[in-house]
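Here are a few friendly notes to read with the model open beside you. Could you follow along and look at each spot as it comes up?

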Amino acid sequence: MEHTQEHEACLEQTRRYCVERPIYNQELLQGQLHRRERTPQTLRQKIAHSCRCSSKKAKSHLYSFLPILKWLPRYPVKEYLLGDIISGISTGVMQLPQGLAYALLAAVPPVFGLYSSFYPVFLYTFFGTSKHISIGTFAVISMMVGGVAVRQVPDEITSVGYNSTNVTDSFDYHERDTKRVQVAVTLAFLSGIIQLCLGLLRFGFVAIYLTEPLVRGFTTAAAVHVFTSQLKYLLGIKTNRYSGPLSVVYSIAAVLSKITTTNIAALIVGLTCIVLLLIGKEINLRFKKQLPVPIPMEIIVVIIGTGVSAGMNLSQSYGVDIVGSIPQGLRPPAVPEIQLIPAIFVDAIAIAIVGFSMAVSMAKIFALKHGYTIDGNQELIALGICNSVGSFFQSFSITCSMSRSLVQESTGGKTQIAGALSSVMVLLVIVAIGYLFEPLPQTVLAAIVMVNLKGMFKQFGDIAHFWRTSKVELAIWVVAFVASLFLGLDYGLLTAVAFAMITVIYRTQSPQYRILGQIPDTDIYCDVEDYEEVKEYPGIKIFQANTSLYFANSESYTGALKKKLP
């Protein structure tokens, strides 16, 4: 056995191949090759060709726009249906509490989180190309929506109008919430239109400009924003909500200034829920292979919290803030407030791009794992339809949820049917039993939000990873985190993208230049300055630059070439 292994090792070392060919230059190649002749088309011919329509082309466009027409007729009921049903129920059980909780982040009443967990999710079944992602409310996007809503309708504004600055003691909170809903709904409509236009114009490539370190640094800062925004609900204290630069600092200062007014009952309920949720997540993680489906701790906590609140009358007896009125049934469609568009246009662009980037990155992971492809442009169209159409039914901006997507995939979900079933579960709550959750303490929802940030906070480990792999990517992560943390998510994202662009210019202007030589008796070439055995071929100089040559680095290229050549 040992002799066989030694023989194989010897063969590995002695295997050789030889390449023998003339030395070519550009003039010699041009003389031997013949270019293909192409007949140039006029602009009129190009337009006529693009507008020409056949039955085959129309069918292809229809299947591309409505992917459900392609996969649903071939749906293998016996193989997929049971897995989709189990996955849909499991995901729907998570959609309900997360929809209620993330509505608080979006600065709107909890019932609008349920609307956002139904309409967009159901629409994605028809237009989406990913079989496994769970569309709906997501902490980062909800936080960005909430920041815009609070900026446009601060706590100090009375019911006089959007731009009023009068302060009154008898503030109408219902009027404030109504206006914030209008802002959130209009923001969803505008971001959806932007996504739809980008998709129709085939701009799906824009996601590549949000690099991995940028997105991870941005979402980590967003997690800090989300956590600080939930402290007042966990402690049961009354503070204003802040947006814009230094909002994190102002929020923490406001909480600390009111810390003596902490509602002990709310704090106990919130901390108990956090402990139960952490225990449940740890059990699901450790016994993942033994459990047929994950333990739905979030809905369990919601049910327990609602029961305890109703039984002990926490709202009246202990002053614990509760969810309150959840209107039964669906609202009639309404047109968003178009006059708000100029004030929120830039925010809508940021939300549209971040939402698409989150969804398409998660969709690519599952597509690679399960051996199918997704269409980035169609994903933009699908998200645009979900946001823009959903806005007419009072839903705010949505995207893919990482935690729910993992549950949907791990519990046996095979197609978009699982997402549709999860939206049906939310619909049943809206039209039938939503009123049962009215006594639910807001501190329970805050606990759900905080525990779901655990994965994002683990991204602080990226600092050590990028320190080992790339200092430039580490700089992008740090700038994205610091800028988003202190400047706000909107300005922070713009700053991070600008810095990432600057690093691209830096890399092209500071490339590595090498003179390559041959490793003796091979056709392998390495830097002559790195290895003693590497020798240059007489009469030939091989100069390598690991970047494209353009006007910004032409001088450095010329200088390096003169320096390397004697």
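Predicted model: local features only at pLDDT ≥ 70, side-chain atom pairs only at ≥ 80, totals over all residues.

1. The protein chain has 25 helices and five strands. Its C-alpha atoms fill a box of roughly 95 × 65 × 60 Å, taken along the principal axes.

2. Of the 566 residues in the protein chain, 46% are buried. If you take the contacts between residues at least 6 apart in sequence, 80% of them join residues at least 24 apart.

3. Now please find helix H11 (residues 212–235) and helix H23 (residues 471–487). Their axes come within 7 Å and cross at roughly 30°. Angles under 35 degrees count as roughly parallel, so H11 and H23 are roughly parallel to each other. The crossing of H11 past H23 is right-handed.

4. Which residues of H11 and H23 meet? On the H11 side they are Pro-213, Leu-214, Arg-216, Gly-217, Phe-218, Thr-220, Ala-221, Val-224 and His-225. Facing them from H23 are Glu-473, Ile-476, Trp-477, Ala-480, Phe-481, Ser-484 and Leu-485. By type, the residues of this contact divide into ten nonpolar, four polar and two charged.

5. Next, have a look at Ser-470, in the loop between helix H22 (462–469) and H23. Is Ser-470 buried or exposed? Its relative accessible area is 19%, and the cut-off for buried is under 20%, so Ser-470 counts as buried. A polar atom of the Ser-470 side chain lies 3.3 Å from the backbone nitrogen of Glu-473, and Glu-473 is one of the H23 residues that meet H11.

6. Ser-470 and His-225 are 245 residues apart in sequence, and their C-alpha atoms are 27 Å apart in space.

7. Last, turn to Thr-125 in helix H8 (residues 119–127). Thr-125 has a relative accessible area of 5% and is buried. What does Thr-125 touch, not counting residues up to four places away in sequence? The answer is Ile-68, Trp-71, Gln-416, Gly-419 and Ala-420. Within the chain, the Thr-125 side chain also reaches the backbone oxygen of Val-121, at 3.5 Å.

Terms used
Residues numbered from 1 in each chain as written. Heavy atoms only, no water. Axes fitted to C-alpha atoms, helices over the stretch in contact; angles between N-to-C directions. Helix = DSSP H or I, 4+ residues; strand = E, 2+ residues; numbered from the N terminus. Parallel < 35°, antiparallel > 145°, perpendicular 65-115°, else oblique. Left-handed = near helix turned anticlockwise from the far one by under 90°. Contact = heavy atoms within 4.5 Å. Nonpolar A, V, L, I, M, F, W, Y, C, P; charged D, E, K, R; others polar. Buried < 20%, exposed > 50% of the residue type's maximum accessible area, 1.4 Å probe, protein only. Polar contact = N/O pair within 3.5 Å; in protein donor to acceptor, adjacent residues only side chain to side chain.
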